Amino acid sequence: MSPSRPRIVAGNWKMHGSRELLRALVPAVQQGLPSTARCQVVFCPPAVYLTDVAALLSHPRCAVGSQDASAQQSGAYTGELAATMLAEVGCRFVIVGHSERRRYHGETSALVAAKAAAVLANGLRPIICIGETLAERESDRTWAVLSEQLAAIAGLLQHQRASEIVLAYEPVWAIGTGRTATPEQAQAVHGQIRRWLEQQAQQLGNPTLAEQLPLLYGGSVKADNAAALMAQPDVDGALVGGASLQADEFIAICRSAE
Ligand code: PGA
């Protein structure tokens with residue numbers, strides 16, 4: 001973590017949880033955070049629970065986020081959620097391009113970029129996920145895959161709210177597998193992403209942008225590996241799946257980002 005960059009820990013509940021769980025978990029997490037916490041904590045429950053979670057927010061550093069948003073502003077798109085609607089019910093963040101959306105819902109990098117643009121245009125902060133599969137890593141294609149995913153969102157760096165973008169590197173082989181990237185593996189990729197951002201920002205004549213954007217790591221982050229991951233210079237926080245459903249684990253991860 002850098003002393004100057006924002007720190008963010010987001011809990012992606014995926015399709016888990018219930019009213020009973022959120023009513024216990026959200027207050028417990030907020031109580032477990034220091035009142036002057038530096039890290040921004042984001043709860044991303046299933047969309048039907050967004051208003052329940054928003055109503056429980058009491059800590060100044062806690063916010064609610066959606067797991068997805070439509071690229072469209074409104075219209076005949078059955079089942080979709082517009083960024084304007086998410087903003088209206090209290091969301092401040094939206095995860096876009098999670099590998100499960102890319103894999104099970106066929107989301108392309110171009111669609112992910114369009115979703116992130118809709119999120120930014122409606123005053124919310126996109127958490128844009130990128131990551132390679134095990135086969136891609138083992139065939140030395142990690143950077144080829146990541147640079148294709150990044151190229152699709154390069155245009156967003158010109159947006160007037162570009163400094164609100166959050167990137168999350170989530171190696172697909174580490175998600176839900178208990179097989180975390182080592183801190184060195186995470187830093188190697190995060191450093192490459194930072195260098196890519198520096199080149200882009202330089203070309204846009206906005207060199208400070210690359211320094212400002214938080215890069216989160218995701219994939220089997222737990223209480224016992226979070227501190228070592230976040231000790232890396234370009235790991236500015238975490239996107240947490242399974243461990244975000246247990247108050248003690250999640251609090252410990254958030255505290256590692258202080
Ligand atoms: P995990 O999920 O922490 O359960 O591996 C991370 C994610 O998918 O964001």
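Visitor: How many residues does helix α1 have, and what distance does it reach from its first C-alpha to its last?

Guide: This is a predicted model, and in it helix α1 takes in residues 19-32. With 14 residues, a span of 20 Å is expected at 1.5 Å a residue. The reach from the first C-alpha to the last is close to that expectation, at 20 Å.

Visitor: Which residues of α1 are buried, and where around its axis do they lie?

Guide: The buried residues of α1 are L22, L25, V26, V29, Q30 and G32. Because they cover an arc of only 160° around the axis, they sit on the same side of α1.

Visitor: Which elements cover that buried side, and which exposed residues does the face turned away from it carry?

Guide: The cover over the buried residues of α1 includes β2 (40-44), α2 (50-56), β3 (62-66) and α11 (247-256). The face turned away from the buried side carries the exposed residues E20, R23 and Q31.

Visitor: Where is S66, and which backbone oxygen lies 2.6 Å from a polar atom of its side chain?

Guide: S66 is found in strand β3, and it counts as buried because its relative accessibility is 2%, under the 20% limit. Leaving aside neighbours within four places in sequence, S66 is in contact with C44, L50, L86, C91, F93, V94 and I95. The backbone oxygen that lies 2.6 Å from a polar atom of the S66 side chain belongs to D68.

Visitor: Where is K14 placed, and what is its phi?

Guide: K14 has its place in the loop between β1 and α1. Although K14 is not a glycine, its phi is positive, at about 55°.

Visitor: How many residues surround the ligand, and what share of its accessible area does the protein cover?

Guide: The ligand is surrounded by 13 residues, of which the closest are K14, H98, E170, G176 and S220. A polar side-chain atom of K14 lies 2.7 Å from an oxygen atom of the ligand, while polar backbone atoms are found 2.6 Å from a ligand oxygen in the case of G176 and 2.9 Å from a ligand oxygen in the case of G242. Of the 280 Å² of accessible area that the ligand has on its own, the protein covers 96%.

Visitor: What span should helix α7 have, and how far apart are its end C-alpha atoms?

Guide: Helix α7 runs over residues 142-153, and its 12 residues should span 16 Å at 1.5 Å a residue. The distance between its end C-alpha atoms agrees with this, at 17 Å.

Visitor: Which residues of α7 are buried, and within what arc do they fall?

Guide: In α7 the buried residues are T142, V145, L146, Q149, L150 and I153. What covers them includes α4 (99-104), α5, β5 (125-130), α6 (134-138), β6 (166-169) and α8 (183-203). Seen down the axis of α7, they line one face of the helix, because they fall within an arc of 125°.

Visitor: Is D140 buried or exposed?

Guide: D140 lies in the loop between α6 and α7, and it has a positive phi of about 60° although it is not a glycine. Its relative accessible area is 73%, over the 50% limit, so D140 is exposed.

Visitor: Is S109 buried or exposed?

Guide: S109 has its place in helix α5, residues 109-121, and, not counting residues up to four places away in sequence, it touches R102, E148, Q149 and A152. With a relative accessible area of 9%, under the 20% limit, S109 is therefore buried.

Visitor: Is A238 buried or exposed?

Guide: A238 lies in strand β8, residues 237-240, and, not counting residues up to four places away in sequence, it touches I8, V9, A10, L216, Y217, V221 and M230. Because its relative accessibility is 2%, under the 20% limit, A238 counts as buried.

Conventions. Residues are numbered from 1 along each chain as its sequence is written. This is a predicted model: local features need pLDDT of at least 70, side-chain atom pairs count only at pLDDT 80 or more; totals for chains, interfaces and linings use all residues. Side-chain values use heavy atoms; hydrogens and water are left out. Helices (H or I, at least four residues) and strands (E, at least two) are DSSP runs, numbered from the N terminus. The expected span of a helix is 1.5 Å times one less than its number of residues. Buried means under 20% relative accessible area, exposed over 50%, partly exposed in between (1.4 Å probe, protein chains only). The arc is that of the directions from the helix axis to the C-beta atoms. Contact means heavy atoms within 4.5 Å. A residue is near a molecule or strand if one of its heavy atoms lies within 4 Å of it. A polar contact is a pair of N or O atoms within 3.5 Å; within protein, one must be able to donate a hydrogen and the other to accept it, and residues adjacent in sequence count only if both atoms are side-chain atoms. Accessible areas come from the Shrake-Rupley method with a 1.4 Å probe; for residues, only the protein chains shown count as cover.
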